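I am opening a notebook on a structure that is new to me. The entries below keep to what I looked up.

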Protein chains: 2
Amino acid sequence: MFDRSSDLEIIGLDGIPEVRPGDDLVGLITGALERRGLLLQGGEIVVVTHKIVSKAEGRLVRLSEIEPSPFARRLADAWGRDARHVEVILRESARIVRMDRGLIISETRHGFVCANAGVDASNVDGQEVLCLQPIDPDASAARIREGLRARLGITVGVIISDSFGRAWRNGVINVAIGLAGLAPFADYRGHRDPNGYELRASVLAVADELAAAAELVMGKLARRPVAVIRGFQLTGTPGTARDLVMDPTRDLFR
Amino acid sequence: MFDRSSDLEIIGLDGIPEVRPGDDLVGLITGALERRGLLLQGGEIVVVTHKIVSKAEGRLVRLSEIEPSPFARRLADAWGRDARHVEVILRESARIVRMDRGLIISETRHGFVCANAGVDASNVDGQEVLCLQPIDPDASAARIREGLRARLGITVGVIISDSFGRAWRNGVINVAIGLAGLAPFADYRGHRDPNGYELRASVLAVADELAAAAELVMGKLARRPVAVIRGFQLTGTPGTARDLVMDPTRDLFR
């Protein structure tokens, strides 16, 4: 169950155009695969940045349409931020975990803890918009997986990724916010390592590691929002990205 | 400066034997490269799990040699843990960040925040030992890099990795605790994304993403403590893993 291939390939897909609400993501992905001459195979993993998923699903807000609340105005004034942006972050937050020095660390409705409730600023047709996380990223991943199965006749794992900050460490890294067809963890507890030592606490969040690995070919400046990971054995019971959210009763930092 | 290759290869090296204090890690790595028939090239990245670095550097403690303090005994009694193990964790901690429900989240002398101050239990010759983090993982990385340059005549990036838990998310992932010859971050601030939007907060911790990617070929059960990453462009000013540690004055969770 824990066989790991010694070789992994990560292939970023170029040529996916600017995504608009209603666009057929699966068609855009299969088109990019064809142009690249890449034959996606069963058991491979497709990592998709949440931004194109959110755009396809219409999870965009024009700043000009937002009426900030008095609370959002007050925070924005204190921190020199745009009150409409703060308003959208508050609307997307189930709970504020920390609010300090102009930073808002929120818990989203999905349970993810991240800066600005995962709300990203971007441009669409030259106008500033805010891009929200998908309503249900696990369902988004499942739809992409189903679409790829319907069109290509193969079954892959799908990860929707987003870049999150971390406590204690500088910089953001990609993590999985949506999953379909793969196990979020490799759970080694009870197994013995090559030295015969029984592992007690080793639960690896492989879905997050796969998301992080995919970011390495994506970057932020190339338009390369999808990556294929080839060579990782899909083992274990498929789960959801919600499984990656630590139960608040166990969490010492929430 | 931010060109990202669209293709990345991650190759785990098999056949590295159990490492003992004083062993020549660079020799073990070049031996494994040869057996695999892999020609390491300049600009590639070598990721080494800290465990073999710690073992080679003699950062091992036999439980039988530890005399626990009264404080360690009290904690261990309350949580049903081994008092000698708790004692070593306390000795390796610069500060305790959280201590609850049998968990000790420490800040190490390097500034890393992680469970058990990075102290791992393992077996050596069938006897239980504790494996501490290297004294200076950046220096360990630099020595490996220098050794590979001396023997192979090429300059690579080196990452020493460890698996850390995270706030808010289940499971551990590999991060960089030592670096040589590569930049810890890709800092996109001030650049424009493909939609013309000026990026304001995008600082990607690529060294951590590289460490996470390497874990995917390592696993815990195969003896595969080294991986080569091929295709990632080494750009930016080289830094240290200490750069990845968030300044306590900026950290909302320390």
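This is a predicted model: local features need pLDDT of at least 70, side-chain atom pairs count only at pLDDT 80 or more; totals for chains, interfaces and linings use all residues.

**Entry: chain A overall.** I counted the elements of chain A and found six helices and 13 strands. Its radius of gyration is 19 Å, close to the 18 Å that the globule rule gives for 254 residues, so chain A is as compact as a globular protein of that length. Along the principal axes, the C-alpha atoms of chain A fill a box of roughly 60 × 45 × 25 Å. I checked burial next: 48% of the 254 residues of chain A count as buried. Then I looked at contacts in chain A with a separation of 6 or more. Of these, 63% join residues 24 or more positions apart.

**Entry: where the chains touch.** How many residues of chain A are in contact with chain B? I found 70 residues of chain A in contact with 68 residues of chain B. Several elements of chain A supply at least two residues each to this side, including strand 1 (7-13), strand 10 (172-180) and helix 6 (206-218). Helix 6 of chain A gives the largest share, nine residues. I sorted the residues of this side of chain A by type: 36 are nonpolar, 15 polar and 19 charged.

Entry: I followed strand 1 of chain A over to chain B. It pairs with strand 1 (residues 7-13) of chain B in the antiparallel sense, over five bridges. I looked up one bridge by name: D7(A) has I11(B) as its partner in strand 1 of chain B.

**Entry: helix 6 of chain B.** This helix covers residues 206-218, which makes 13 residues. From first C-alpha to last it reaches 19 Å, close to the 18 Å expected at 1.5 Å a residue. Is helix 6 of chain B mostly covered or mostly open? It is mostly covered, with 13 of its 13 residues buried. After the helix comes G219(B), with a positive phi near 65°.

**Entry: the nonpolar core.** I looked for the largest nonpolar core and found one of 150 residues. L210(A) and L210(B) have the most contacts inside it. I listed the contacts of L210(B), leaving aside neighbours within four places in sequence. They are L216(A), I45(B), V47(B), I159(B), I229(B) and F232(B).

**Entry: helix 4 of chain A.** Seven of the ten residues of helix 4 (residues 83-92) of chain A are buried, so this helix is largely enclosed by the rest of the structure. The buried ones are A83(A), R84(A), H85(A), V86(A), E87(A), V88(A) and I89(A). What covers them includes strand 3 (60-62), helix 3 (70-79) and strand 8 (127-131) of chain A.

**Entry: positive phi.** Most residues other than glycine have a negative phi. I looked up two residues of chain B with this in mind. R101(B) is not a glycine, yet its phi is positive, about 50°. R101(B) sits in the loop between strand 4 (93-100) and strand 5 (103-108) of chain B. Is R101(B) buried or exposed? It has 9 C-beta neighbours inside 10 Å, so R101(B) counts as exposed. A117(B), also not a glycine, has a positive phi of about 50°. I placed A117(B) in the loop between strand 6 (113-115) and strand 7 (120-124) of chain B. A117(B) has 24 C-beta neighbours inside 10 Å, so it counts as buried.

Terms used: Residues are numbered from 1 along each chain as its sequence is written. Chains are lettered from A and ligands numbered from 1 in the order in which they are written. Helices (H or I, at least four residues) and strands (E, at least two) are DSSP runs, numbered from the N terminus. The expected span of a helix is 1.5 Å times one less than its number of residues. A residue is buried if 20 or more other C-beta atoms lie within 10 Å of its own, exposed if 12 or fewer, and partly exposed in between; C-beta atoms are placed from the backbone. Two residues are in contact if their C-beta atoms, placed from the backbone, lie within 7 Å. Ala, Val, Leu, Ile, Met, Phe, Trp, Tyr, Cys and Pro count as nonpolar, Asp, Glu, Lys and Arg as charged, and the others, Gly among them, as polar. Two strands pair if DSSP finds at least two bridges between them. The radius of gyration is taken over C-alpha atoms; the globule rule is 2.2 Å times the number of residues to the power 0.38. A nonpolar core is a set of buried Ala, Val, Leu, Ile, Met, Phe, Trp, Tyr and Cys residues joined through C-beta atoms within 7 Å.
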